[in-house]
Amino acid sequence: MSDPEKWLANWRAAGAWSLSRHDLAKEGLLASAFLPTKAILNCAKELKEANFSLLDLSALETQEGFVVTYHFDSLNEPGRLAFRALVPHKKPHLPSLYDVFQGAEWHERETADFFGLIFDQNPNLIPLLLADDHYGPPPLRKNPADLAPLKKLGLLGSFEILDPDFGALIGEDSQKESQS
Amino acid sequence: MTFGSLNFVNPFGVWENPGSTAGDFYAVNFEKKAVSGRVILNLGPQHPSTHGVLRVLVELDGEYVARAEPVLGYLHRMHEKMGEVKTPWQFIPNMGRVDYLHPLAWNWAFVGAAEKLAGLTVPERAEYLRVIGCELNRIGSHLLWWGAFVMDLGGFTPILYAFEEREKINDILQIITGSRLTMANFRFGGVCADADERFFRLCAEFIPYLRERLKMYKGLVTDNVILRRRLEGIGPIDVDLCQRYGATGPILRAAGLARDTRKDYPYGVYPKLDFPIPTGPINDSFGRYLVRLAEIETSLSIIEQAIKDIPQGPIIMDKAPKATWKLPAGESYFTVEGARGQIAAHITSDGGKNPYRVKLRAPGFSNLSLFAEAAKGTLLADAIAILGSLDLVIPEIDR
Amino acid sequence: MFLSLAIVAQIIVAVLLIIALMVGNAVVMVYMERKVAGFIQRRPGPYEVGPYGTLQAICDSMKLLAKQLYRPGNVDLILYYLAPILAFFPVLLLYLPIPFGPYLTALPVGDGVILILAFAGLGVLSNLLAGWSSNNKYSLLGAARAVSQTVAYEIPMILALLAVVFLSGSTDLKVVTDQQGPWPWQWNIVLQPLAFFIYLVSLVGETNRAPFDLPEAESELAAGFHTEYSGMGFALFFLSEYANMLLVSFVAAVFFLGGYKGPIADGFWWIFIKAYALMFFMVWIRWTFPRVRFDQLLNINWKWLLPLGLFNLWLTAAVIKVAF
């Protein structure tokens, strides 16, 4: 198993907003973190150097914005890690991971199709799964009335919040260390 | 653009179709980067060797592929949205339709994720039935791939042999799943129907039968000199390429890494079964071919052990969830090993009637994404061979 | 005057008979191909229409005749319609010098081999025109492949036939037949096994049959040069492919397998039996082997068959010079 503590320390140094430890058997993850969008590319680079591979990129929409989750798995030993980015509704921009993981191009295009997120520096950000003349909102965007708060979705596991602004945004006490 | 209460801005701007002579949006987009004087060829969506409705735009320099770009979405059905508007129970049949060749693995991914999230326990007999079904399905998938792959290389006969075996597998699976193609016999907390004596008898008969046939296939196809010349050294995919594109399954194993979700993230009763992970001696198309054929033997030995060890007992847990069952709030990421690689279902729930978000990771999606790089500089015929060796199932890629 | 009129009448009757032979051959071959493929693939093949499905080929040809001629936009009209006709008619001429029996030759010409080899090259022209005029990139690629393949495989074919011509000292097919005896060990195949092998390989390449069916490799090029043809246009290509197969089989039978001579009673039945045995062989390998790649195909030709053919020719010439 890869060592989640090492990566949590890395992410803490990279300015993570929150760190979470997960139960691999239940949630399928060892650890995750909310990273500021600026830090994503560097953290992905570090993971690549440690022989991790980007297996999946999933997004979902919450009241606070889009949560984009990057799932990584090590090629050396099992142990899945993830980091997330919270993208505000008003400015749905994210850096592309294309320079590090070329496979990210398609995942990003798919997410752009479904959520209308924009991945800057993606070399080919054209519709992938939807038609080029797709009319209407991105299909996985929800009606504002149906949006759930991030807190309710249980993305955080047993977490610690490092950034008080983030804590205030999602309504968790930044001082508290929860054991959910 | 306003749509309902949403304020939506098309992030890509507005496109215009410049007319029929220049091609559609993707062709125009592809042609922008093309070197003048080269032929742009549209492989698909209707093409004999794209196995369905994949479309690959190819820039040809003579007969060499200078650049390739797969265009997806011709079979896109938005299963992820359907996951959000159906209750989890209603969504299970969808999983049989994502990948028509290995539906039970997708069943398991979704059902397993929900079970993990809700903390349901599955009776042991049901776990064994799941393993047997999944492995039979995997053999069927690999066999059909084998036939279709050789057909891509111009050999017509093997696919009919492969279908003969697959029919036998379907006959067996029909007993426990009730269907032959879009199987969905998994339920939260178990499976829907028990296996009878005939099922185990047919399984026991099938294993030695297929072993005999595999020997024949080796002599008839694998050792054929034309086939070997067509595959050896064609389309090497090394670990670095797999890492950058997130390729899994037989492709990664042919590159030499013994990574298998059944061993890495054990689920079901796989930890109790003894089986090897076949890895390829070489990372070219022929290596991937050999790995898949070796996996058929692995699956046979798993089935052999499972039908020996399967206990008596219930096939579904007590008070199993019903159609109106709600998932508890939380997140679950569950992976299983499909015939094409790691399948993952990522369920996020807010405790409501329907899941809040269902994300499906299709292994073929990542595997296909490396095609553009792997096919660069190869002959058109080799590009077709590489495409075939990736084992594509388009409904799974498009979801 | 009288003589030439007789020859003209003879040629007209012969051409009509040859057309009947070509069409009949296509019907037989469609049935044989599908039935043999069925047996190889462990399925019954056609069995609904007529006894054992024998009328299937008739029905197929009826369908092809009745089908609408669909023509894609922007094709080069003249060349597009000329190509299937050009594919069909040169083959007619090629049957003229073949001795089907001791007294059964449509047009006994002294230089039969030259005639056959000269007009066999015309077939490639139709492929090229079809591919070029179809306004389709697959067709164009198929045409380019067809040209380089057919041109390449003609050379070892000529070399193999030349070796036999050296042996019999004549380019007349009748003379070549007469030099061989009725029994298999008296055939040229015994004297020229290498030439027969080269001819066998290159006849598969020459007729664009699997595993050398690169011009129409359907898993790569859809249907190659005839992608855009439907109805009778496609049927003519189809017909000429089978006619070509039959022709090269006849030539092989004449040059290597004793022609119309057989152990019991000489006659056209022997040459037909031999030719159809070769046809069966071609069908058999088509349904057994995967397709070779294009560069491999040309490599087989230029690096193996051509040097072997030249060596064989040199050896034959040397032996004849020394021995006689």
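I began with contacts in chain A between residues at least 6 apart in sequence, and 54% of them join residues at least 24 apart; two residues are in contact if their C-beta atoms, placed from the backbone, lie within 7 Å. A reminder to myself: this is a predicted model, where local features need pLDDT of at least 70, side-chain atom pairs count only at pLDDT 80 or more, and totals for chains, interfaces and linings use all residues. Residues are numbered from 1 along each chain as its sequence is written, while chains are lettered from A and ligands numbered from 1 in the order in which they are written.

Next I looked up the make-up of chain A and found five helices and eight strands (DSSP runs numbered from the N terminus, H or I of at least four residues for helices, E of at least two for strands). From the N terminus, I read the order as α-β-α-β-α-β-β-β-β-α-β-β-α.

Then I turned to the contact between the chains, which takes 42 residues from chain A and 48 residues from chain B. On the side of chain A that touches chain B, helix H2 (24-27), strand E3 (52-62) and helix H4 (104-115) each supply at least two residues. E3(A) gives the largest share, six residues.

My last stop was helix H4 (residues 103-118) of chain B. I found 15 of its 16 residues buried, so H4(B) is largely enclosed by the rest of the structure (buried means 20 or more other C-beta atoms within 10 Å of the residue's own, all placed from the backbone). Just after H4(B), I noted that B:Gly119 takes a positive phi of about 70°.

Note on methods
Buried ≥ 20, exposed ≤ 12 C-beta atoms within 10 Å, placed from the backbone.
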